[in-house]
Structures are given as C-alpha cells and as structure tokens.
Amino acid sequence: MAKRTYQSGLEKFNRTSKSVNALFTLIFTLLAIACVVPVIVVLSISLTDESYIRETGYSILPTALSADAYAYIAKQGTMILRALGVSVLVTAVGTVLGVLLTTTMGYVISRPAYKLKNFLTWVVFIPMVFNGGLVSSYFINTNFLGLKNTIWALILPLAVSSFNVIICKTFFKSTIPDGLIESAEIDGASQLRTFTSIILPISLPVLATIGLFLCFGYWNDWFQSMLYIDNQNLYSLQALLNSLMTNADALARNSISMGVSFAELVATMPKESARMAVAILIVLPVACAYPFFQRYFISGLTIGAVKG
Amino acid sequence: MSTKLEQRKIRKRIQWRKQDTELTLLALPTLIWYILFSFLPMFGMIIAFKNFKISGNFISNVLESPWVGLKNFEFLFKSNDAWIILRNTIGYNIIFIILGIVLPVMFAIMISLLHSRKAGKVYQTMMFLPYFLSWVVVSAVGWAFFSFDKGILNQFLVGIGQEPMNWYMEPQYWPYILIFLNIWKSIGYGMIIYLATITGIDSTYYEAAVIDGASIWQQTRFITLPMLKLVIVMMFILAVGRIFYTDFGLFYQVTRDSNSLYNVTTTIDVLVFKQLKTATVGMASAAAFVQSVLGCITILSANWIVKKIDSDSAMI
C-alpha cells in the first residue's frame, strides 16, 4: 500500500507539464480521427440516398439518410450473399487448417531430442529469406496443382507462414516444461496424443494469436482471388468489391429478376450506396472484433519481432 | 561406469526412436505444404532462363521449353522502364523505412507520456484500425475522396472556388498520397511493438533518473531510446531485407491502375503482375527472379552487418 502511494506520487511528480499533455492529447485526437474517418465515410455513403449521391456526390457525414442499399442487398443481393458465404467459408476452413498445420510443425521443431529437428528448422527458415516469386508460384498453382478457379486457391497458399511457425516454436519452447512431455512419454502416450490432449489445451494463448492472424488474413485477402478466380460464383466479398469498383452494374447480374429486365434492374438499383454497403459488410465485423482481440495480436507481434 | 553411461547416451542420440517416427508423421502434412508451395516454386524459377509457353502439364513444359540464356533479362533491362521501376521500388521503400521507424517510435513515446493511461489505450486502439483494412477497402475509401465528379476533395475545391481536379490523372500528387497512406496504414502496428517494449522497461531506471534530477526529455534520450534500440534494429533489418518488395495493393489497387500515374506507381511487383496478366511470361519471370535473388542478398547482408555491430540483435 505504502509502495503504491509512493509510486503514484512519483508518477505525478515525474510527468510532462499540463500544457505538453494538452498538446499531445490534441495531436493524438487528430491522428485517431484520421484513422477512423475512412470507416465513417464508407458507412455514411452506404446510408445515403442514391439520388442525393448522384446530385451532390459523396459526403463525410450522411445527409439524406436511407437504408435502400441494405434493403436491396437483403432482397436481391444474391451475388453479395453468395460472396459473403465464400468469405465465411474460406476464413473458417483456412483458419482451422492453418492452425493445425502451423502448430504441429511448431511443436515438432520445438522438441530438442527429435532427430530431424535441424532439417525441418531449415525447411521452415529458408522460405523466410528466399522465395520462388510470383510467376513461378502462379504456374505451379495453376498448371501443376490445378487450383485455378477452385476454392482451394483461396485457402491453401495462405495456410502456413514461417513467421507463425516460429511464433509457435518460441511459445512451446519457452512455456512448456520438458518434464511434462517426458512424463507423458513415460506413461506411454503417443506424440499425437501428447500433442492433442496435453500441449494444445495449455497453449490456448498462442492458438488464439495464430488463429487471429490467419482469420484476419483470410478475411482481408483479395490478391489470391485476383490471381486465381475468374468464376464470379467463387468471388469473396473482397473480390466482389474489387470488381464493383470498376463496374457497379455487375451487381445486378445473377439477382432474382422476376419479370424485370437487366437494364431496368441496373437503372433502379442503388449502385453507389450498395457498393459501399459491401465494403461495410467487410469492415464491420473486423472493426467490431479487433479491439477485443488486440492483446493476442500484440503478444504475437512482439514474440515475432523480438526473435524472428 | 561413466563411459557406459556416455555410450548409452550417444546410442540414444543416434538411435531412431518411436517418438521420432510419430513426430515425423505429425510434421508430414506441413512438410508437404512447404514442398508444394515454397520449394517447388524455387525450382520453377528456372523458367526465367527459358522460352516458357503456358500450355498443358507444367513439369514437362518446364523441362522441354528451350533455353534462351539471359535473353529474358536483356529484354527486361533494355526496356526504358527498368530504371523507373527500380527507382520507384527502392525510393519509396527508403522513405517508408525511415518514416516507418521515426514516426511510430516518436508516437509510441508520446503516448506513453500521456497522463491518462486509459486515453492512451483508446488512441492506440483507434490508430490500429487501418492495419485491419484491406487495400481493396482503402481503394474504395480513396475513390470517395478522389473521384472526379462525386469526390469529397473536389466538392471542397469547388466550395472554395477552385477548379475540380482529376486526381487519378495527376502524377505529381501521388508520391505524397502513397507515402501518407502507407504510414497511415502501418503506424498502429509499429506503435504497438514499440509501446510493448516501453511498458516493459523496469520503472526503477526512471526512479533513479528522477532522483538524479533528470528531466523527461533526458529520461527519453538516455533511458527509453537506448532500451528501444534492439527492437528498432530488428524492425530495420526486416524492412531493409524487403527493400525490393512493395505492397502490391498500395501501388495497384489504391491508384486504380491508372495509366497516367504509371511513372510514379509502377514497382517491381506491379510490373510482374501486369506482365503475368498479359501472359508475356519471359519478362515477368525475369523480373521475379531478380526480385527474389536481390531480396535474399539484401536480407542476408543486413543481418550480417547487424551481427558485426551487435551479435545479439542478429536474426540468424
């Protein structure tokens, strides 16, 4: 108790003056606003009436409120809902697969007595300094593995990253006592069993970290779609938004047009706001989730930065 | 006795045990992934020296297509754009590296000096948001600002009595826009790493400094900055090692692939992607080869230099 008051006393004494603090607060308020404004702009455009946008243009704060874009998505946005489904599926499958592949490798190269430890450590390490480049990867994935226009093209190439494997290895090595694994070995447990019923349950922090990296990575990926996906039925939300940026009319395609012609649909559809509504579908889950998971990110980033 | 024990230990080390088999099986799926998605492309790089045609089976294609020696590279370096692209790639990266260290370190120190810890956390969280936005979303936001007929900036220009500007056709502004966006997107990430180090510094250092009458500025200069040195060096090596790589999304998506901006936005990655899409494989594979090899050399030499100066901070 005494120590506490002494420390807070010191803290009160040893700090910047009030005017400097006010200046810093002002600077950070401006910076923070600059970082959040884009989301607000996108949200307000998606909520603005289409005819208003056509007349006066985009605005930072919504002036003529309207939920037409969202109503349109709910009613006729087959394409958008399909893309949402692809995004969710890719993110879920990719994250689970990626966590399994990453943690098993991380665990194996963290075992000091394992015979192939050095070999596998090199396998993980070499791609960090050298890679085959985009062209050759592209041809391997399309011509050799036949991933073009399949959902696996969005999942497999992103599943493992050496950075994540090293984070896992560092975690296992520093937090799991050797005695624990040895005692499981003495009890006759197989390595798979040790891994699933002893290691994984006590490694939840690192699983959360890797899972979050992968989850946000898959959700935000558009590059794989750009390379490998031509079939619009396999578009993720990111790929859809990307194609809408060049051609918003595409939204009308594939929609349930009961007795309505394509041209009519294009004319009546809230193009501008619907496009931004797709962006909101992408951003909103991320923006709502990341503040809660921030600490797992921080722990992962700091492990990774301290010893890559 | 002791020799017997040692012998048994050595035998144990050499002998292949049941555990080794099990661990190998456990690592097998990931090993296969690495072979398919990391090591196979490394061997595929030989297409840079071949007249590669895209059709049918990849492996037999690679083996059968005729060798052309360095012709693809000649083609690449003789094109007028080679030096523009190199200038863009390295020039932008140098600016990104310098600002990407100075600004986050500065803001991390400033945020740690705020009186209210809670406010600091809120600012930090808000500034981390752009890191989670994809370049496609950023490009949509950019469109909302830069679009000619509906953009917010042009509305503002018209409002103050100026002519509206066709932003996607004006190359002179884009270097600043790109630098701003890159810093804007990555600043939260950098701040978090430096801030984590700052909060980990033992508070007794500061107490001792206060007793000796050190000002806040002196504490920052002689305690905080030296304690951050290791992380700064680490981040610096990682960034220098990637000096031949650029963020494709920033240079291609945000600029909407505008041809008028070609001279200020084309980097190696953009070139490779565009060539790949037009199916002129020769030049693309040569450019990708140059990028991979130079990238490998820079990361190893950056690490080597750091090892000479301070062996603890080296990565390898």
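Helices here are DSSP runs of H or I, at least four residues long, numbered from the N terminus. Keep in mind that the model is predicted.

**Stop 1: chain A, residues 20–45.** Select this span. It is 100% helix and 0% strand, and its end C-alpha atoms lie 37 Å apart. An unreviewed UniProt entry lists residues 20–45 of chain A as a transmembrane region.

Stop 2: Residues 274–293 of chain A are 100% helix and 0% strand. From end to end, the C-alpha atoms are 29 Å apart.

**Stop 3: a salt bridge inside chain A.** Show the side chains of A:R111 and A:D178. They meet in a salt bridge, at 3.8 Å from N to O. A:R111 sits in the loop between helix 5 (78–108) and helix 6 (117–129) of chain A, and A:D178 is in helix 10 (residues 178–186), so the pair ties together parts that are 67 residues apart in sequence. Over all chains, the whole structure has ten salt bridges.

**Stop 4: the contact of chain A and chain B.** Now select both sides. Chain A brings 107 residues and chain B brings 104 residues. About 9,400 Å² is buried between the two chains, and carbon and sulfur atoms give 75% of that area. Which three residues of chain A supply more of its buried area than any other three? Pick A:F28, A:Y58 and A:K115: they supply 8% of what chain A buries against chain B.

Stop 5: The interface of chain A and chain B holds two salt bridges. Zoom in on one of them, B:K150 with A:E272, where the side chains meet at 3.2 Å from N to O. Next, color helix 2 (residues 18–46) of chain A: with 17 residues, it gives the most to the side of chain A that touches chain B. By class, that side of chain A has 70 nonpolar, 28 polar and nine charged residues.

**Stop 6: chain B.** Color its domains: domain 1 (1–34), domain 2 (49–78) and domain 3 (82–131 + 182–313). The C-alpha centres of domain 1 and domain 3 of chain B are separated by 41 Å. UniProt (unreviewed entry) places transmembrane regions in chain B too, including residues 173–196 and 281–306. Select 173–196 of chain B: 96% helix, 0% strand, end C-alpha atoms 35 Å apart. Finish on 281–306 of chain B, which is 100% helix and 0% strand, with 37 Å between its end C-alpha atoms.

Methods
Residues numbered from 1 in each chain as written. Chains lettered and ligands numbered in written order. Predicted model: local features only at pLDDT ≥ 70, side-chain atom pairs only at ≥ 80, totals over all residues. Heavy atoms only, no water. Domains from an automatic or database assignment. UniProt positions renumbered as here; feature names shortened; annotations may be inferred. Helix = DSSP H or I, 4+ residues; strand = E, 2+ residues; numbered from the N terminus. Contact = heavy atoms within 4.5 Å. Buried area = accessible area lost by both parts, 1.4 Å probe. Salt bridge = Lys/Arg side-chain N within 4 Å of Asp/Glu carboxyl O. Nonpolar A, V, L, I, M, F, W, Y, C, P; charged D, E, K, R; others polar.
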